[in-house]
Amino acid sequence: MFNDFSFQGEGFIKIDPRTKMIIFILCSIAALRESRTLFQGLLFFFTFALLINGKQFIFAIKMLILYGVMIGIDLLVMMFCLPEALMILLMGIRVFRMFLPVMMAFAIIIKTTRVSEFLAAFDKMHVPEEITIPFSVMFRFFPTIGEEWDNIQNAMKFRGFALTFKNIITRPAFVYECSIVPLLSDTVLIADELSAASLCRGLGANTKRTSLVEVRMGVFDYMLIGFAIWLNIMSYTAY
Amino acid sequence: MKEKKLQTKDLIMAGVFAVLYVALICIMASLTGMFIPVYLILPLIAGIVLGPVYTLYISKVPKMGAVLILSVLAGFVMSASSIVVLLYVVVLGVIAQIILTKTNYSTSGIRISYIIFACATEGPFLSLFFAREGFLNTCAQYYGQEYADKIDAVTPIWVLFVQIAIALIGGFIGGRIGMGMNAKHFKKAGIA
Amino acid sequence: MITFNKVSFSYNQESTLNNQVLSDFNLDIKTGQVIVITGESGCGKTTVGRLINGLSPKYYQGILEGEIEVCGMHPNMQELYDTAKVVGSIFQNPRTQFFNVDTTSEITFACENQGMDIQLIKEKLEEVVTDFKIEDLLDRSIFELSGGQKQKIACCSIAVADSKVIVMDEPSSNLDLQGIDDLKGVIEKWKAQGKTLVIAEHRLYYLKDVADLVLVMKDGVINKIIDKSMMNHLTIDEMQKMGLRSFSIEEAFGGSINRRQIFRKSEAGYHISKMKFSYGKFAEAIDIEDISLEAGKITALVGFNGAGKTTFAKCLCGLNKKSKDKILKGKTRVSKADRIKDSFLVMQDVNTELFADSVLGEVMLSLREKYGKAFDESIHEKEAVDILRLMDLDGIKDRHPISLSGGQKQRVAIASAIAADKQLIILDEPTSGLDYKHMVEVGNVMKLLADMGKTILVITHDIELILSTVDNVICLEKGKVVDCYELTDVTKHKLYDFFYRVTRCTRSDDFTRDKVASINKVEEYYERKKVTN
């Protein structure tokens, strides 16, 4: 599950990280306002196309199937009359459907952007170092924490107190302490070493950082943003 | 405790703790995800489980802005469903930071600030309730007011307040456990 | 170039003679010299490196007396990022020294931090890429790389920044023999370029040809200076007396092997047949027909990086749910769940295996699991203390396990395994980064365990450890057992041939081997991803 938060590969057409963030924000605003099938569908296919552009085929197709199933359930329920009890389920499905494009837009940010691209984009947005450094450390650390967690779970299996359903029910405090203490102490130790190594590479120097990776907004970026804005305006004016 | 400016090593520590924070939420969600009733009390569980992460972080980086950074990063990742969550979490972060500064990082100050910050895990649920309004509006237009009222009736808003209440309780317990764990393990091990 | 004038350093806030890591330390290094600093753990060699790159006292705080000068600068009096422009550093754990997720960003990271012109960085990057032949390593995720490849990236990052002085802190401890050989190549290259190198290291054999001087430290002072001519004359016994590792592998093989007396043979060993495991569709990561692990004996598992040693260990102790196997203990077949109960894996990174708030508590945890309801704190504490005494830990039984040294942590983990009555104990690279004395200690612990009738499997490429402790050797290559023999004076040439092949002949087929290793890594990576998705 931790690999969901890491860079997976570059897309066909490169999109500026800033564009991705703007699209994400616009999508979340649109999702809050709009739930009619036509615009929702447009929003979905917009983010779907972006996922395909980002070569996230498996994830995109999973989302497509999920969306199709949810539409299908909706249609089925509409065809037959609604029993009261099913309504809450339907409500849940519809709300989830509204959020699907936003989650996909988020996945585009996370999965198709390199940490160095993030840094370069943040630099252009004049985001202070206090955010950019922790931000890049966060993405670097997700897989590391995943490894640590796996190792701790393995060690707990050997010792006889694995994080199993039975143990969580019968002695929650104990297994909780056993998982969290090594996790915290070990990551702090790793972080200490990482700090030392980074400082030795001149991180935090008072000179302005340069970046080998260039980010530039192209025509394509403006088109995407324009489309997302149009979707937003439509969702407001269509009332 | 004297507050100093955040140094590079503090920023790295902030990033690491943000990962811990988010990763543990993911782990909890995957462990409890199968049981929807348990999922609804996630703010309580998360409040308890994340207590040690917060308290250890504060004792490692007792500086102005540390909680704010944590809230921005954790808020960003939690905002996968809506950008509103980020704003919500950052507001909590600001409040927690003010409490910490005012109480000068005393034990009770850390615990009170965590009670506030524990509400952050309510964020993803909050976005559902933001969406609810918009959803009901369109429902009313398309399927009639009656239908919208029915939906309104079966999705009570008080769940939200209950969740915030249990998040506060979770924060209370979590802060206590966190301080305890700091004394029992991390101070003794020389890492706090 | 680098001078230390009457330098004393202590990590505590008050500096007394007792807690000084360095005391009245003098050193004069000239431009272009390669200086190796060695000595037992805790002798202060790491601190010397830290004082040169400024980490002490700027990051690891402490009290410094005396004067340090590096290229006309005083690292203790200026900011770390100013020192970083001149001094490059390489650390022992490649896993924790990367800031970026992809290799290219990591290589240019130092330059970017200095605000160097982009065009200049590009030129330097190209130069280094052709110089170090790392075209295939560019633009990769660092999580796919082997330890050796990671250390190579770290070296490239320093090469791009063009540091005049390079400080290395035990750079080989997480590398296999191939990685060490690559590292040696890099050091030779830097020496030819006239860079000044200070290397704190236990393993000396790979540095013999490049080192100008080897300084042996003890208790914060230089105890002995070994120059070029002495390196060839020192015998292995003299080195071992100083607690040092030998200067040549060949010499280590020269001594005769002392066969260990086997006391007990009653316990049943493990018999593994038809073990199969694969990460993806392409190749079997593990494919083992038939192999035995004898109880009461120490078996070494040797092989290339990526040969599947750790994967095999995980399959053996039942952690890999997807492996297909038939494992007999004695005559009864043991399931994966039984194996988890019956075995213990001491990982390279022991931190993740310690849970309690004291050493004693750690052992008590195991006892509590073993006795279940019959557990009584007061009765079983005596048993726990006995086990701690056995592991030489009774003096530190109230300390927090995390605060101990690496070797002590390892022993705590083993003590908990003994308490839980584990029969199969697997150690993954237990002696990487240990000096001779501590290596012997680990060897003795393994012998002790074997004498208790336990089955010991040790994954290692530490030749000195194998020669001094191991009974049987299993060679693994591409997931298959290629050789398996009892280690005696007669068979030791096989082991030598195996390592000889690794260290001397792989430069030519370097690329193909790395490819196999990285394909396996990549498959493992994607497999994980699939599972977690």
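Let's start where chain B meets chain A: 61 residues of chain B and 61 residues of chain A take part in the contact. Keep in mind that this is a predicted model. The two chains bury about 5,400 Å² between them. Carbon and sulfur atoms give 82% of that area. On the chain B side, three residues stand out. Ile12(B), Phe76(B) and Phe135(B) supply 12% of the area that chain B buries against chain A, more than any other three residues.

Now the other interface of chain A, the one with chain C. Here 59 residues come from chain A and 67 residues from chain C. The buried area is about 5,700 Å². Carbon and sulfur atoms carry 56% of it. Look at chain A's side of this interface. Phe158(A), Arg159(A) and Arg201(A) lose the most area to chain C. Together they make up 18% of what that side buries.

Two packed helices are described by the angle between their axes and the distance between the axes. Take helix H8 of chain A, residues 172-200. What does H8(A) cross at roughly 145°? The partner is helix H1 of chain B, residues 8-32, and the axes come within 9 Å. The crossing of H8(A) and H1(B) is right-handed.

Who makes that contact? From H8(A), the residues include Ile180(A), Leu183(A), Leu184(A), Thr187(A), Val188(A) and Asp192(A). From H1(B), they include Thr8(B), Lys9(B), Ile12(B), Met13(B), Val16(B) and Phe17(B). By class, the contact of H8(A) with H1(B) has 13 nonpolar, four polar and two charged residues. Note Ile12(B).

H8(A) brings Tyr176(A), Ile180(A), Leu184(A), Val188(A) and Asp192(A). H3(B) brings Ile48(B), Val49(B), Pro52(B), Val53(B), Leu56(B) and Lys60(B). How many polar residues does the contact of H8(A) with H3(B) have? It has no polar ones, with nine nonpolar and two charged.

Next, a helix pair inside chain C. Helix H13(C) covers residues 359-371 and helix H14(C) covers residues 377-390. Their axes come within 9 Å and cross at roughly 120°. That angle makes H13(C) oblique to H14(C). The crossing is right-handed. On the H13(C) side, contact residues include Val359(C), Leu360(C), Val363(C), Met364(C) and Arg368(C). On the H14(C) side, they include Glu377(C), His380(C), Glu381(C), Ala384(C) and Leu388(C). The classes are 10 nonpolar, one polar and five charged.

A quick look at chain B as a whole. There are nine helices and zero strands. Its C-alpha trace spans about 65 × 30 × 25 Å along the principal axes.

Two backbone points. Most residues other than glycine have a negative phi, and most peptide bonds are trans. Which residues does a cis peptide bond join in chain C? Ser56(C) and Pro57(C), with omega about 0°. Pro57(C) lies in helix H2(C), residues 55-58. His126(A) sits in the loop between helix H5 (115-124) and helix H6 (129-159) of chain A.

Last, confidence. Chain A has a mean pLDDT of 85, with 91% of its residues at 70 or more. Where in chain A is confidence highest, and where lowest? Highest is H8(A), at 93, and lowest is helix H4(A), residues 84-111, at a mean of 79. Chain B averages 86, with 91% of the residues scoring at least 70. In chain B, helix H2(B), residues 36-40, is lowest at a mean of 71, and helix H6(B), residues 107-117, is highest at 95. Chain C averages 86, with 92% at 70 or above.

Notes. Residues are numbered from 1 along each chain as its sequence is written. Chains are lettered from A and ligands numbered from 1 in the order in which they are written. This is a predicted model: local features need pLDDT of at least 70, side-chain atom pairs count only at pLDDT 80 or more; totals for chains, interfaces and linings use all residues. Side-chain values use heavy atoms; hydrogens and water are left out. pLDDT is the predictor's confidence in each residue, from 0 to 100. Axes are lines fitted to C-alpha atoms, for helices over the stretch in contact, and angles run from 0 to 180 degrees between N-to-C directions. Helices (H or I, at least four residues) and strands (E, at least two) are DSSP runs, numbered from the N terminus. A crossing is left-handed if the near helix is turned anticlockwise from the far one by less than a right angle, and right-handed if clockwise. Contact means heavy atoms within 4.5 Å. Ala, Val, Leu, Ile, Met, Phe, Trp, Tyr, Cys and Pro count as nonpolar, Asp, Glu, Lys and Arg as charged, and the others, Gly among them, as polar. Angles under 35 degrees count as roughly parallel, over 145 as roughly antiparallel, 65 to 115 as roughly perpendicular and the rest as oblique. Buried area is the accessible area (1.4 Å probe) that two parts lose on being put together, summed over both.
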